[in-house]
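Thanks for coming. Please look at the slide.

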Amino acid sequence: MTRDGETIDVVLVGQVYESVEAERPEEVRPARPDELAADQAACDCLKTTC
């Protein structure tokens with residue numbers, strides 16, 4: 001994806017994990033605070049070109 005229409009500077013990624021032990025395989029769990037913090041740090045890093 002691109003913000004300026006030319007340079008690719010955004011990547012969208014998704015992952016799906018399935019567990020044979022899950023009672024409801026379609027269950028979606030919210031991200032933990034540490035996961036959210038890591039995602040935010042990665043976004044902040046992209047903004048400052050670290």
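Helices and strands here are DSSP runs, numbered from the N terminus: a helix is H or I over at least four residues, and a strand is E over at least two. On that basis the chain has 1 helix and 0 strands.

Before going on, a word on where this comes from. This is a predicted model, in which local features need pLDDT of at least 70 and side-chain atom pairs count only at pLDDT 80 or more, while totals for chains, interfaces and linings use all residues. Residues are numbered from 1 along each chain as its sequence is written, and side-chain values use heavy atoms, with hydrogens and water left out.

Next, the surface. Buried means under 20% relative accessible area, exposed means over 50%, and partly exposed is in between, with a 1.4 Å probe and protein chains only. How much of the chain do buried residues make up? Of the 50 residues, 0% are buried. The accessible surface, from the Shrake-Rupley method with a 1.4 Å probe and, for residues, only the protein chains shown as cover, comes to about 5200 Å². Carbon and sulfur atoms account for 56% of that surface.

Now the charges. Side chains of opposite charge can pair when their charged atoms come close. I call it a salt bridge when a side-chain nitrogen of Lys or Arg lies within 4 Å of a carboxyl oxygen of Asp or Glu. The structure has 3 of these salt bridges.

One of them joins R3 to D9, at 3.1 Å from N to O. R3 is exposed, at 60% relative accessible area, and D9 is partly exposed, at 31%.

Which residues are linked in a network of salt bridges? They are R32, D34 and E35. R32 pairs with D34 at 3.1 Å between the closest N and O atoms, and R32 also meets E35 at 3.5 Å, N to O. For accessibility, R32 is partly exposed at 48%, D34 is partly exposed at 46%, and E35 is partly exposed at 32%.

Last, the helix. Helix α1 covers residues 33-47, and D44 is found in it. D44 is partly exposed, with a relative accessible area of 35%. The side chain of D44 makes a polar contact of 2.8 Å with that of Q40. A polar contact is a pair of N or O atoms within 3.5 Å; within protein, one must be able to donate a hydrogen and the other to accept it, and residues adjacent in sequence count only if both atoms are side-chain atoms.
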